[in-house]
Amino acid sequence: MNALISTALSGVVLMFVGLFVRNKQHIKFFAIAAIIIAFIANLAQYPSVEHGGYVMYGMIEVTKFGVLFNAVALGATLLYFLLSGSEFEKVGEHVADYFTLVFFILAGISLAATFSNLLMLFLAIEIMSIPQYILAGADKKSLKGNEASLKYFLMGSFSTGILLMGITLIYGAAGTFDIAGLGLGTESVHPLALCGIILIVFALSFKVSAAPFHFWTPDVYDGSPTVFTSFMSTIVKAGAFVAFLRMFHGSFAGGTISEHWTLILSIITAVTLVIGNFSAVFQQSVKRMLAYSSIAQAGFMLFAVVAMNDMGTQGIVLYAAAYSIATIGVFGVLMKLKDYTFEGFNGLARKQPLLAAATAVFLFSLAGIPVTAGFFAKYFVLSAAIQHGHLLWLVILAVLCAAISVYYYFRVIIAMYFRTGEPEVENISGGFKAALILAVALVLVLGLFPNLLLCWL
Amino acid sequence: MLTVLLILIPFIAGLIAFGLKGSGPKVLGMISSLATVVLAIGAWCRFRTAPDSLNLVANWIPQLGSQFRVGLDGMGVMLCLLTAIASLLVFITIYSRDYEKPGAFYGLMLLSQAGLTGVFTAFDALQFYIFWELALIPVYFLCSLWGGEKRIAVTFKFFVYTFLGSLLMMVGIIYLYFQTADHSFSWSSFSSIHLNPDDQKWLFWLFFVAFAIKMPIFPFHTWQPDTYEQSPTPVTMILSGVMVKMGLFGVIRWLLPVIPQGAAMWSDVAIVLCVIGIIYASCIAMVQNDLKRLIAYSSIAHIGLMCAAIFANNEQSLQGVLIQMFNHGINIIGLWIIVEVIQQRLGVKNMDQMGGMARKAPRMAIFLVIISLANIGLPLTNGFIGEFLMFSGLFQYNHWFMAFAGLGIILAAVYTLGMIQKVIFGESNDLTDTTTDLQPGETLALSLVVIMIIVLGVYPKPMLDLVSSTSEVVNKLF
């Protein structure tokens with residue numbers, strides 16, 4: 001609740017700050033201060049929800065999980081601002097507006113982590129999506145950016161429409177919007193509800209870019225300004241996952257109803273893993289590779305939704321943190337390079353040892369190698385699936401895909417360490433280095449002691 | 001505490017080495033490996049008097065039921081000793097060499113030592129898995145940075161192969177974790193699970209593939225000759241001397257006690273794979289012209305025999321495997337030291353271009369002959385006792401398996417003696433005329449190897465006593 005209010009307010013305030021403050025550096029400091037305030041405000045709510053949730057007119061229910069997830073999202077955004085905040089001004093003139101939009105997206109995410117009503121779900125998804133359409137086209141002179149924005153807008157609004165239809169059908173079957181009181185799982189399932197659930201699965205799969213609803217992802221992520229791709233493919237995606245998880249655990253779990261959608265969702269998971277990983281292998285640009293890798297990682301996060309147990313809930317928090325930090329870090333380094341192809345990384349270790357070492361740690365984390373956060377993230381989601389009992393085939397498929405993912409992540413490491421070249425690197429400020437070291441430390445600490453995060457749950 | 005120090009010393013020394021320049025890393029590596037050898041011998045003494053004092057449990061991730069649980073049994077002491085001795089021998093051999101970026105080189109070597117010791121001391125499945133992976137990363141960088149010209153592709157294949165295997169093992173570990181009564185990763189919980197035979201049937205493969213890739217067993221061996229050939233020789237020593245033992249260790253510690261019925265069900269299949277590997281690798285070794293590849297294939301054959309003996313399911317063969325793990329490590333490191341010497345002098349690996357080196361380098365020739373004979377298991381060398389026990393165990397299990405595996409011994413004699421002949425005897429040529437004999441560091445390392453070969457060949461009892469506790473325990477559970 002605090003997170004929702006503080007981020008929404010910060011967004012509005014920043015919009016006005018943009019009118020009066022001309023210095024772009026100052027705007028960035030305002031944004032960083034605002035995110036820190038939001039982070040603290042969110043944590044301040046933790047004691048009040050420790051014993052049972054905080055309910056607001058049946059619309060919002062703030063639980064420990066919601067607070068913790070918001071903390072992860074806000075913390076990751078803080079890291080994102082520290083690493084890439086200065087890239088905002090390279091996109092265009094309206095720096096304050098970009099920050100404003102990011103804060104509005106965050107408001108959507110905090111709503112997605114706490115909604116308890118189908119209408120709020122719809123609102124959360126919309127608040128998250130609309131600013132993204134604008135951010136994707138923020139660079140007005142770039143043709144690719146315009147294409148990305150239009151594509152994202154058309155397909156995104158289409159899928160939101162499907163979500164709305166699904167919600168309507170479920171309302172028709174259950175007679176209520178309250179996710180806890182839908183009561184669909186007890187006896188035989190109403191055909192309307194079944195159609196509704198399937199439509200919601202499709203719409204949310206689109207939002208998390210799960211195959212076969214992923215076609216927008218590579219083009220949008222590639223066409224958008226890199227600094228916004230970094231945000232959209234990490235924190236926003238994690239937010240959509242939380243909506244997914246809350247929706248399906250809250251109202252469609254247990255009883256006969258879960259049998260109907262777990263099969264569909266596990267097939268979606270399998271297809272996502274295969275398509276994401278295999279397509280990433282063939283990319284020549286690191287930015288596009290990361291776009292496909294985000295599809296592949298979405299496949300892993302879907303495990304948490306399919307498995308429907310506590311392990312999965314813990315897994316999604318850890319996965320969101322691990323994946324966001326690592327990907328934001330890789331994007332942060334990528335933006336300092338002139339050439340986004342794999343060759344652009346050649347010889348980076350010799351020229352910028354710190355950047356190369358940090359990137360290597362991030363990529364290790366994405367590949368799921370121990371002592372990085374990514375290992376425990378994968379561990380938790382796979383455990384969740386194994387605990388579920390009937391998903392072993394999916395788990396085996398997933399580890400085969402994980403082995404493939406090593407191929408494309410390590411291509412970057414090979415380029416940085418084992419090939420020679422003269423990468424063109426922009427000037428690296430001390431602040432950037434400090435933020436990078438902070439991110440690496442977070443990855444390693446979470447990789448050794450995941451309970452530091454999970455003990456709050 | 002002693003056990004933790006065995007991991008911590010190389011780990012911290014490795015981290016420090018990254019920051020050192022000039023000859024600093026060399027000296028540090030030497031000090032650290034000497035210290036670990038002393039500690040490992042200390043652990044051996046402690047193991048005879050108070051074995052429980054070597055175990056340590058500390059909280060790590062209580063929510064997951066995983067603890068930092070290290071300990072040493074007979075096999076652990078032996079393998080830690082092997083790891084420590086191996087890195088000491090490597091560091092002595094390369095003391096006079098200069099590597100590009102010495103800080104990183106020695107740092108990674110020491111980190112891999114820490115990872116290996118971690119694998120051998122872990123009594124918690126999750127911790128075992130983590131060390132298992134960690135031991136791989138430094139080796140990956142070592143091979144890719146300092147290896148031969150095809151190093152990048154070759155080591156990448158090696159990495160992906162082993163990573164795939166370990167991921168399958170992780171699935172198995174998680175599955176077993178949910179079967180344990182107290183939801184714990186500890187070895188004692190794992191080995192007291194009562195699994196139904198149907199589960200054991202497929203769980204076996206999740207673990208076995210991971211271990212088989214590491215050893216490697218036919219048909220999972222294709223990464224190995226290329227990697228051994230392309231890696232810098234010091235890394236090959238660690239790879240073939242110690243790292244392949246991880247696979248055997250994994251089978252003995254984590255497969256047989258945990259999935260006994262699965263292992264019994266599939267033991268014939270596993271042994272057949274091993275025997276095919278022995279004969280196949282020996283045949284290839286006979287026609288190899290490349291010295292490094294020859295030793296690589298001979299290693300596949302030897303490891304195949306050890307793996308077959310593990311599955312032969314009796315105490316004698318298991319004891320043979322355990323003692324052979326140590327002796328094979330020592331012998332193969334000795335062989336690699338000589339390869340390193342030859343390669344450094346001549347700059348070639350092709351045996352056609354060698355010959356007549358005995359005249360120019362008599363000391364090296366003597367060492368090569370002794371180590372080669374130990375490698376084929378001649379009586380009074382250390383290789384004999386282990387092979388004898390393994391064959392006798394295999395014989396009790398099935399005569400035919402023993403007969404085919406025994407072919408490997410004959411073939412080993414063929415290719416090893418052929419190698420000696422081509423390398424040190426015969427006509428010398430322009431290239432080998434320029435050879436010089438061993439330098440003091442190399443002599444020291446090889447002398448240590450030969451002393452161990454002869455002492456353990458004549459009097460293997462201390463080593464047998466050390467490992468007998470493990471073979472008894474595992475055999476009872478199996």
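Two residues are in contact here if their C-beta atoms, placed from the backbone, lie within 7 Å. This is a predicted model, in which local features need pLDDT of at least 70 and side-chain atom pairs count only at pLDDT 80 or more, while totals for chains, interfaces and linings use all residues. Residues are numbered from 1 along each chain as its sequence is written, and chains are lettered from A and ligands numbered from 1 in the order in which they are written.

**Stop 1: Leu126(B)**

Select Leu126(B), then show its contacts. Leaving aside neighbours within four places in sequence, Leu126(B) is in contact with Ser66(B), Ile173(B) and Phe185(B). Leu126(B) belongs to helix α5 (residues 125-134) of chain B. Helices (H or I, at least four residues) and strands (E, at least two) are DSSP runs, numbered from the N terminus. Leu126(B) counts as buried because it has 26 C-beta neighbours inside 10 Å. The cut-offs are as follows: a residue is buried if 20 or more other C-beta atoms lie within 10 Å of its own, exposed if 12 or fewer, and partly exposed in between, with C-beta atoms placed from the backbone.

**Stop 2: the annotated span of chain B**

Select residues 124-407 of chain B. An unreviewed UniProt entry annotates them as "domain: NADH:quinone oxidoreductase/Mrp antiporter transmembrane". UniProt positions are given in the numbering used here, feature names are shortened, and annotations may be inferred rather than shown by experiment. The span is 80% helix and 0% strand, and its end C-alpha atoms lie 39 Å apart.

**Stop 3**

Go to the loop between α7 (151-179) and α8 (187-191) of chain B, where His183(B) is found. Phi of His183(B) is near 45°, a positive value in a residue other than glycine. His183(B) is exposed because it has 12 other C-beta atoms within 10 Å.

Now select Pro216(B), in the loop between α9 (197-214) and α10 (223-230) of chain B. The peptide bond from Met215(B) to Pro216(B) is cis, with omega near 0°.

**Stop 4: helix α13 of chain B**

Not counting residues up to four places away in sequence, Ile303(B) touches Met215(B) and Val244(B). Ile303(B) sits in helix α13 of chain B and counts as buried, with 30 C-beta neighbours inside 10 Å. Ile303(B) and Ile217(B) are 86 residues apart in sequence and 7.7 Å apart in space, C-alpha to C-alpha.

Then select the whole helix, residues 291-311. Of the 21 residues of α13(B), 20 are buried, so the helix is largely enclosed by the rest of the structure. At 1.5 Å a residue, α13(B) should span 30 Å, and its end C-alpha atoms are 31 Å apart, which agrees. The expected span of a helix is 1.5 Å times one less than its number of residues. Just after α13(B), Asn313(B) takes a positive phi of about 65°.

**Stop 5**

Select helix α8 (residues 143-174) of chain A. Its 32 residues reach 46 Å from first C-alpha to last, close to the 46 Å expected at 1.5 Å a residue.

Next, find Pro212(A) in the loop between α9 (191-207) and α10 (216-223) of chain A. A cis peptide bond joins Ala211(A) and Pro212(A), with omega about 0°.

**Stop 6: Val371(A) and helix α17**

Move to Val371(A), in the loop between α16 (353-367) and α17 of chain A. Val371(A) has a positive phi of about 70° although it is not a glycine. Val371(A) is partly exposed, with 19 other C-beta atoms within 10 Å.

Show α17(A) with helix α13 (residues 286-307) of chain A. The two pack at an angle of about 35°, with their axes 8 Å apart. Axes are lines fitted to C-alpha atoms, for helices over the stretch in contact, and angles run from 0 to 180 degrees between N-to-C directions. Among the residues that meet are Phe300(A) and Phe303(A) in α13(A), and Lys378(A) and His388(A) in α17(A).

**Stop 7: where chain A touches chain B**

Select both chains. In all, 21 residues of chain A are in contact with 19 residues of chain B. The elements giving two or more residues to the chain A side are α17 (373-388), α18 (392-418) and α20 (451-454) of chain A. α18(A) gives the most, with eleven residues.
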